[in-house]
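Let's take a walk through a structure together, one stop at a time.

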Amino acid sequence: MKSSLLWSIPLVLVLFQIHTAHAQPSHRMLADACAGCHGPRGQSASPMPIIAGLPEAYLEQTMRDYKTGKRPSTIMGRVARGYDDAEIDALAAFFASEVWISPPQELDPKQVKAGKRIHRDGCSSCHKDNGRFQNDTTPRLAGQWKDYLQIVLEEYWLWERRMPHLFMSIAVSEFDEEDLEALASFYASQR
Amino acid sequence: MHKLSRRQFLTTLTGTAAASMLGYPLLSSGAFRARVIVVGGGYGGATAAKYLRLADPRIEVILIEKDEQFVSCALSNEVVAGERSLASLSFGYQPLTSFYGVKVVHDEVTRIDAESRIVSTRGGEEFGYDRLIVAPGVSFKWNAIEGYDSDAAQVLPHAWKAGEQTLLLRRQLEAMPDGGRVYIVSPPNPYKCPPGPYERAALIAHYLTQLGKQRSKVIILDAKDSFAKQALFEQGWERNYPGMISWVPASADGRVLRVDVKKRTLYTEFDAHRGDVLNVIPPQKAATIAEAAGLTNDKGWCPVDQQTFESSNREYIHVIGDACIAGSMPKAGYSANSQAKVCAAAISALIDGTAPPAPSYINTCYSIIAPDYGISVAAVYRLDKGSIVSVEGAGGSSPLDASAWERKMEATYARSWFDNITSDIFG
């Protein structure tokens with residue numbers, strides 16, 4: 001009797017802890033709140049970036065970089081600081097499991113052509129397969145919104161933004177400002 | 001340019017969503033486990049209807065909304081400023097029916113019988129419900145400013161519900177002389193879209209400048225002594241429209257007590273202000289249907305359980321959006337959208353007989369001060385001891401020392417937010 005009572009103490013403590021700990025919202029509950037800016041399931045309908053189907057590790061790291069300020073932002077830092085590590089992991093897992101859909105975009109064919117040349121000479125060793133390739137550190141670019149691609153390229157191009165991934169800033173510094181729009185147009189034209 | 005591609009894209013998106021729902025019973029196949037009625041098809045109500053169907057297609061959802069089209073108040077200051085058409089803010093309800101199986105009834109709810117759980121409409125219909133979501137928005141307190149009622153609003157627009165009122169205000173700006181005076185009467189808290197009057201002041205100054213009337217003045221007479229994103233607005237006004245905009249707080253006799261429509265004059269305690277354009281945004285309360293259904297408190301707003309949004313006054317009735325008291329969330333489109341999702345998940349669980357899931361809420365409010373100059377305020381919210389509170393260390397306003405490039409980005413993102421939230425609701 002006595003021994004069984006003692007044995008049950010840790011169990012009671014565990015149960016108590018579960019009961020009092022901050023209940024974590026489900027993946028869907030957390031992610032649904034993001035749709036107001038990133039579109040339903042992360043499939044954005046305008047320049048805010050498409051995040052559906054990006055690699056989980058990439059999304060996790062990007063959210064953490066926003067949260068710590070390592071990556072500058074207009075609003076994402078303020079939003080990312082609202083989530084703890086477990087919630088960031090849950091969000092990343094949710095959006096990584098969704099499907100990327102490349103939106104149709106009206107693009108200038110001349111820009112697309114010029115962008116393709118720049119891509120081949122300067123970017124294709126990492127952003128393989130015309131920007132469709134993605135891994136833990138490389139986001140998919142093919143079919144992203146042109147305006148967003150251009151914004152991020154400008155961020156790398158403007159040294160005062162102090163973006164992470166120094167190699168990207170160095171790579172982009174080779175380009176003229178007009179090249180950025182061409183490059184963005186090329187990736188946006190891909191599916 | 002975005003218009004066409006966005007439409008096409010939405011078709012792609014909704015097509016996918018529709019395909020993924022083929023496995024579920026659709027409305028016509030009968031056999032629902034419960035019926036939820038949603039009153040009001042704005043940011044809150046339309047979101048709730050869609051997300052309830054996504055949460056559980058065995059729930060029948062009937063959305064009752066009097067207008068055939070929703071016209072967004074968010075971004076309507078760009079219509080006032082001649083930068084955007086009203087059509088670009090208008091959305092139909094057809095996708096909610098076609099893709100998500102929401103039954104949409106265009107009628108006005110005139111009575112809610114909480115005892116029998118039946119709503120009645122002006123059209124003479126009755127609908128029974130298992131649960132009811134009331135998302136009616138705000139009503140104006142007519143005559144709270146003496147002389148300002150719905151007739152006065154035909155002459156001195158409030159433009160706080162988008163549509164003809166928005167266009168009326170724009171026409172008056174177009175007609176006024178250079179060197180004229182525009183007055184904006186800003187209401188006491190709480191009211192819908194807290195930064196709205198101050199964004200409007202900026203975009204009116206922008207429009208007057210575009211029209212070659214930069215000698216004109218925009219004067220805000222306020223019932224408050226401070227307002228949302230105040231430092232950012234004051235900085236933005238001065239940078240973009242130096243000397244054009246002034247703000248008179250309540251403590252400096254800014255509170256308007258009376259309006260004389262014929263004389264186009266506003267009266268404060270000690271002063272009279274005659275203007276060329278008078279934009280009077282009246283004090284607000286939860287919409288009258290909420291009041292009639294016994295959902296409001298003595299201040300005119302609806303207290304709710306902030307996890308399920310079930311009314312504190314009436315069982316089986318949930319109130320979301322501007323009409324409800326949602327802790328520290330402001331009355332804004334994104335707030336309503338976020339509350340609707342939490343409420344839909346809770347109702348789905350309650351119908352299942354399980355505990356409502358842990359909630360997570362978010363809100364961002366963008367304001368456009370000039371076409372390439374935007375600012376924002378954001379917050380992530382959690383439930384803490386029954387109240388919605390913002391997560392500490394997160395959220396807040398855009399920095400005061402942001403670069404011109406960042407201000408431009410925020411204006412871009414403001415419009416992008418609008419495209420995405422409306423595709424989340426009506427797409």
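Start in a loop of chain B: Pro190(B) sits in the stretch between strand E11 (181–186) and H6. Helices (H or I, at least four residues) and strands (E, at least two) are DSSP runs here, numbered from the N terminus. The peptide bond joining Asn189(B) and Pro190(B) is cis, with omega about -10°. Over in chain A, the loop between helix H3 (35–38) and helix H4 (56–68) holds Arg41(A). Phi of Arg41(A) is near 55°, a positive value in a residue other than glycine. Why stop at such spots? Most residues other than glycine have a negative phi, and most peptide bonds are trans.

Some ground rules before we go on: this is a predicted model, in which local features need pLDDT of at least 70 and side-chain atom pairs count only at pLDDT 80 or more, while totals for chains, interfaces and linings use all residues. Residues are numbered from 1 along each chain as its sequence is written, chains are lettered from A and ligands numbered from 1 in the order in which they are written, and side-chain values use heavy atoms, with hydrogens and water left out.

Now follow chain B into H6. Two packed helices are described by the angle between their axes and the distance between the axes. Axes are lines fitted to C-alpha atoms, for helices over the stretch in contact, and angles run from 0 to 180 degrees between N-to-C directions. Helix H5 (residues 164–175) of chain B and helix H6 (residues 196–210) of chain B have axes that come within 10 Å and cross at roughly 40°. H5(B) and H6(B) are therefore oblique to each other (angles under 35 degrees count as roughly parallel, over 145 as roughly antiparallel, 65 to 115 as roughly perpendicular and the rest as oblique). From H5(B), the contact (heavy atoms within 4.5 Å) takes in Leu169(B), Arg170(B), Leu173(B) and Glu174(B), and from H6(B) come Arg200(B), Ile204(B), Tyr207(B) and Leu208(B). Sorted by class, that contact of H5(B) with H6(B) has five nonpolar, no polar and three charged residues. For the classes, Ala, Val, Leu, Ile, Met, Phe, Trp, Tyr, Cys and Pro count as nonpolar, Asp, Glu, Lys and Arg as charged, and the others, Gly among them, as polar.

What about chain A? There, helix H9 (residues 146–157) and helix H10 (residues 166–173) pack at an angle of about 95°, with their axes 8 Å apart. H9(A) and H10(A) are therefore roughly perpendicular to each other. Leu153(A), Tyr156(A) and Trp157(A) of H9(A) meet Met168(A), Ser169(A), Val172(A) and Ser173(A) of H10(A). The contact of H9(A) with H10(A) splits into five nonpolar, two polar and no charged residues.

Time to zoom out to domains, whose bounds come from an automatic or database domain assignment. Chain A has domain 1 (9–96) and domain 2 (109–189), and their centres, taken over C-alpha atoms, are 26 Å apart. Between these two domains of chain A, the buried area is about 1400 Å², with 59% given by carbon and sulfur atoms. Buried area is the accessible area (1.4 Å probe) that two parts lose on being put together, summed over both.

Chain B is divided into domain 1 (2–139 + 285–356) and domain 2 (144–282). The C-alpha centres of these domains of chain B lie 31 Å apart. Together the two domains of chain B bury about 1600 Å² between them, 65% of it on carbon and sulfur atoms. Of the area that domain 1 of chain B buries against domain 2 of chain B, Asn77(B), Val80(B) and Lys331(B) supply 36%, more than any other three residues.

Finally, how many residues of each chain are in contact with the other chain? The tally is 44 residues of chain A and 49 residues of chain B. Chain A and chain B bury about 3900 Å² between them, 63% of it on carbon and sulfur atoms. Look for Met29(A), Arg78(A) and Glu106(A), which supply 17% of the area that chain A buries against chain B, more than any other three residues.
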